[in-house]
Amino acid sequence: MHKLTALFGLFSLFSFTLFGSSCRSDQRGSHLVIQLDAKTSRDTVAFITCIGPEGQMTDTLTHFDTKLELYLDTARFRSVLVSHDAGQRVRLFELIGAEWKEQTNFPEQKMKLPAEAPYLVGKDASGKERNLTDLYRKHPLLVVFASPEGLNTMTSNEIRELRAKAKPDSLIAVFFMPTTSDSTARLRVKRDSLDGIVFSDSLGVVSEARRLFGVEGQAKSVHFRIDTLGRIK
């Protein structure tokens with residue numbers, strides 16, 4: 001099982017986000033130094049997830065250094081999960097006493113999506129206001145969260161097969177692309193010969209959606225269906 005998926009499933013029940021903030025304090029708190037493995041040319045995104053008794057928070061680093069220095073508020077966070085190289089390299093650190101220690105045994109548990117679609121409203125990459133509830137009440141949706149690294153989604157053949165199985169209803173694809181550029185989001189979907197509603201993160205809609213659906217730390221693409229009653233399948 002994918003290590004990052006397993007670990008995020010373990011802590012998903014406590015997930016929350018503070019916008020405009022960070023789990024890393026600036027030169028304050030407990031000092032943790034993490035030396036990562038050498039990066040590949042495509043290894044451009046890392047996730048730092050700080051976990052505590054009240055919840056967790058994920059920071060995304062782009063074009064990061066292999067040496068990470070973190071200052072953590074130990075009153076709020078007692079564990080730190082670091083993932084990079086599209087989730088293939090994962091490190092877990094826990095505060096034991098006054099010392100941070102790396103853990104090598106990861107618990108295995110699947111990612112847990114909510115049973116029903118959360119309320120979400122925002123402008124898509126074309127500037128049109130969209131309400132997710134209005135969308136799925138008219139047609140079942142195929143929701144696709146692209147990977148933060150590479151903006152990978154699904155192939156046109158995969159989507160075509162899912163639509164064929166959904167007859168007589170037709171699936172409308174909704175793509176959440178973790179990029180702040182509307183044009184990049186639209187062009188990437190078009191380049192892959194896909195069609196559907198596209199969201200970028202120019203106004204924070206994708207970050208909010210990833211948080212609400214519990215996929216904010218996933219390194220790979222995630223997809224699932226929402227039926228006309230709002231149930232996630």
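Helices, here runs of at least four residues, and strands, runs of at least two, are taken from DSSP and numbered from the N terminus. The model shown in these views is predicted.

**View 1. Helix H5 and the residue that comes after it.** Helix H5 (205–213) is followed by Gly214, a residue whose phi is positive, near 75 degrees. Within H5, the buried residues are Val205, Val206, Ala209, Arg210 and Phe213. They lie on the same side of H5, because the arc they cover around the axis is only 130 degrees. The cover over these buried residues of H5 includes strand S8 (121–123), together with H2, S10, S11, S12 and S13.

**View 2. The largest nonpolar core.** This core has 21 residues, and those that touch the most other members are Leu132, Leu141, Phe145, Phe176, Phe224 and Ile226. At least two residues of the core are supplied by each of helix H2 (132–138), strand S10 (141–145), strand S11 (172–176), strand S12, helix H5 and strand S13 (222–226). H5 gives the largest share of this core, with four residues. Apart from this core lies another one, of 18 residues, which includes Met57, Val80, Val82 and Trp100.

**View 3. The surroundings of Phe145.** When residues up to four places away in sequence are not counted, Phe145 touches Asn152, Phe176, Val215, Ser221, Val222 and Phe224, and also Ala209, Arg210 and Phe213. Ala209, Arg210 and Phe213 are among the buried residues of H5, while Phe176 and Phe224 are, like Phe145, among the residues that touch the most other members of the largest nonpolar core.

View 4. The buried residues in H4 are Ala185, Arg188 and Val189. Seen down the axis of H4, these residues fall within an arc of 95 degrees, and they therefore line one face of the helix. Leu187, Lys190 and Arg191, on the other side of H4, are exposed. Strands S11 and S12 are included in what covers the buried residues of H4.

View 5. Asp192 is placed in the loop that runs between helix H4 (182–191) and strand S12 (197–199). The side chain of Asp192 makes a polar contact, at 3.2 Å, with the side chain of Arg191, and Arg191 is one of the exposed residues of H4. If neighbours within four places in sequence are left aside, Asp192 is in contact with Thr153 and Ser156. Ser193, which follows H4, has a positive phi, near 60 degrees.

How values were computed. Residues are numbered from 1 along each chain as its sequence is written. This is a predicted model: local features need pLDDT of at least 70, side-chain atom pairs count only at pLDDT 80 or more; totals for chains, interfaces and linings use all residues. Side-chain values use heavy atoms; hydrogens and water are left out. A polar contact is a pair of N or O atoms within 3.5 Å; within protein, one must be able to donate a hydrogen and the other to accept it, and residues adjacent in sequence count only if both atoms are side-chain atoms. Contact means heavy atoms within 4.5 Å. A nonpolar core is a set of buried Ala, Val, Leu, Ile, Met, Phe, Trp, Tyr and Cys residues joined through side-chain atoms within 4.5 Å. Buried means under 20% relative accessible area, exposed over 50%, partly exposed in between (1.4 Å probe, protein chains only). The arc is that of the directions from the helix axis to the C-beta atoms.
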